[in-house]
Amino acid sequence: MTQLEDARNNILTDEMKAVARKENVSEDFILKSVAEGKIVIPSNKNRNIEASAIGAGLRTKVNATIGTSTDIINFDEEELKAQIAIDNGADCLMELSIGGDLDEIRRRILKMSPLPVGSVPIYQVAIETIRNEGSAIYMDEETMFKTIEKQAKDGIDFMAIHCSVNIETLARLKRQGRKAGLVSRGGAFISSWIVENERENPLYKNYDYILEIAKEHDVVMSLANAMRAGAIADSTDRAQVQELIILGELVDKAREAGVQTMIEGPGHIPLNEIPTNIMLEKKMCSNAPFYMLGPIVCDVAPGYDHIVSSIGAAASAKAGADFICYVTPAEHLALPSPQDVKDGVIATRIGAYAGDMAKGVHNGEKDLQMANARKSLDWEAQYDLAICPADARAKREARPPEDSDACTMCGNFCAVKIVNEWLDESETNVFDAV
Ligand code: SF4
């Protein structure tokens, strides 16, 4: 049985217990939320990982994508990037390779990762078809399903499946007259296939069969958002909303089949549209967890898109998003380096943390501890509390004060020290008359 079926049968699984402990919430809350589909637990039956959960009432989770490109194929470096993401606090990984032996790299990442691992199976189908036959338009339907099954058997915990790209969605896209077209790689492969073959998307047409595979291995369906805008100018348009309506119907079907689902979301959207997007998703998709890709809240900062996305992550978490896919400084420019992966994970964690405070998932208790450590100039405590302790330590120690317990920002004029002297220690009577 899947986690969803177990929860509906009032069976509290080991995974649910572990999640309740980790999140500091009651087992009843997890059981009820999983049964209602508001929380998913990506944990393929063929893998043994420490369970974590995504959904309403929990800490907003962060995903790091890794994977080869067609230009840079270095499996050791992808493993290194995965390890860096894990070490820096990512909650999940997505293995999105499109270069080299795709089975080998996926299995290597699954073997080394203690985190849930996601994939986009249509990449493998498209890339291998392009290698053999020259174009993704020759993708074979049977191969699509066999690839999904192979990846499920390998232990993939959540899969982005492009089921909602159908003829109806593409008609809306064509009429919309977008500025930046499609930026979803999987969406591009599938939409080209539909148009060139003049046939309906096999992943949409045979969705029930995909659900059978997902159910057998308890793979979470991460229903892909192929129509997400790739430019602020295209945000929240008719094509995207059309796809969301179909996604909602696909969630209902998955739930009937006992399969866990979450919904992927945009993309490039301005800050003011984030709450609307989240409200629409939750309403139309029966409160399925929302997996925001970024979001990118302005288009003009290549090289710094991890910061752009961190702002989007904060606003998204605050407005109710449950899972955020990181963006690295290399976004729109190159395959991320190991340093880019680290910067992307940390930037997204900061955004998610800030959003969670505003959402009330935590009440800033760590921030209070940090305030105390700062007031007492306790540098070791400050490092320990930092989102990245090593970076905080390295930054101070690179420019240390010569003869002070403060730092070199204000040096001898350290405001904290000056004020501490009268705030805590002085016997002054100056305030008595106030
Ligand atoms: S020197 Fe300035 S920045 Fe450094 S701890 Fe004191 S007040 Fe803060």
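The protein has 19 helices and 10 strands; helices are DSSP runs of H or I with at least four residues, strands are E runs of at least two, and both are numbered from the N terminus. This is a predicted model, in which local features need pLDDT of at least 70, side-chain atom pairs count only at pLDDT 80 or more, and totals for chains, interfaces and linings use all residues. Residues are numbered from 1 along each chain as its sequence is written.

Overall dimensions, then. The C-alpha atoms fill a box of roughly 85 × 50 × 40 Å along the principal axes.

On to domains. Domain 1 covers 60-359 and domain 2 covers 365-425, with bounds from an automatic or database domain assignment. Their centres, taken over C-alpha atoms, are separated by 40 Å.

Of the 434 residues, 47% count as buried. Buried means 20 or more other C-beta atoms within 10 Å of the residue's own, exposed means 12 or fewer, and partly exposed is in between, with C-beta atoms placed from the backbone. Two residues are in contact if those C-beta atoms lie within 7 Å. Among contacts with a separation of 6 or more, 74% join residues 24 or more positions apart.

Now helix H14, residues 305-319. How many of its 15 residues are buried? The count is 14, so H14 is largely enclosed by the rest of the structure. Gly320 follows H14, with a positive phi near 120°.

Next, Pro270, in the loop between strand E8 (261-265) and helix H13 (274-284). Pro270 is partly exposed, with 17 other C-beta atoms within 10 Å. Leaving aside neighbours within four places in sequence, Pro270 contacts Ile232, Ser235 and Val297. Pro270 and Gly312 are 42 residues apart in sequence, and their C-alpha atoms are 8.4 Å apart.

Last, a helix pair. The axes of H7 (residues 141-154) and H11 (residues 207-217) come within 10 Å and cross at roughly 10°. That makes H7 roughly parallel to H11, a label for angles under 35 degrees. Phe145, Ile148, Glu149, Ala152 and Lys153 in H7 meet Tyr209, Ile210, Ile213, Ala214 and His217 in H11.

Technical notes:
Axes fitted to C-alpha atoms, helices over the stretch in contact; angles between N-to-C directions. Parallel < 35°, antiparallel > 145°, perpendicular 65-115°, else oblique.
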